[in-house]
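Hi,

Here is the structure I promised to pass on.

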Amino acid sequence: QVQLVESGGGLVQAGGSLRLSCAASGSILRFNVMGWYRQAPGKQRELVTRITSGGSTNYAGSVKGRFTISRDNAKNTVYLQMNSLKPEDTAVYYCHAWMPGGPVGVDYWGQGTQVTVSS
């Protein structure tokens with residue numbers, strides 16, 4: 001059974017930085033794509049950033065230039081470095097992984113980690 005465990009969330013002042021980690025149970029090379037989503041109170045879950053097994057990345061416009069996703073295959077971990085944080089970045093951040101299988105593939109989610117940015 002695949003498990004994704006996030007860590008690194010917390011409370012930070014605007015302009016500060018946090019680094020989130022997502023540790024997978026087993027090799028992350030199994031996943032074609034890994035990424036981070038977030039969900040703010042009263043809003044839908046949205047894609048923040050993702051990275052393919054080949055290292056290609058994309059970012060939501062609202063975080064481009066401030067957030068960086070990376071992966072360490074040896075540690076089976078994906079990271080999200082968040083700089084210049086803004087109050088609107090406050091949300092629960094979820095790690096996501098996708099692998100092929102069946103008609104639409106298989107999605108895996110972590111339990112989420114709270115990020116709160118104070119003004």
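Lining the largest pocket are Arg-38, Gln-39, Ala-40, Lys-43, Gln-44, Glu-46, Ser-62, Arg-66, Glu-88, Asp-89, Thr-90 and Ala-91. (A pocket is an open set of points on a 1 Å grid over the protein atoms alone where a 1.4 Å probe fits, with protein on both sides within 12 Å along at least five of seven lines; lining residues have an atom within 4 Å of a point.) That lining splits into 6 charged residues (Asp, Glu, Lys, Arg), 2 nonpolar ones (Ala, Val, Leu, Ile, Met, Phe, Trp, Tyr, Cys, Pro) and 4 polar ones (the others, Gly among them).

Bear in mind that this is a predicted model: local features need pLDDT of at least 70, side-chain atom pairs count only at pLDDT 80 or more, and totals for chains, interfaces and linings use all residues. Residues are numbered from 1 along each chain as its sequence is written, and side-chain values use heavy atoms, leaving out hydrogens and water.

Next, the cysteines. Searching the whole structure turns up 1 disulfide (a pair of cysteine sulfur atoms within 2.5 Å). Cys-22 and Cys-95 form it, with 2.0 Å from S to S. The torsion about their S-S bond is about -80 degrees, so this disulfide is left-handed.

Finally, Leu-4: leaving aside residues up to four places away in sequence, Leu-4 touches (heavy atoms within 4.5 Å) several residues, including Cys-22, Cys-95, Met-34 and Trp-109.

Cheers
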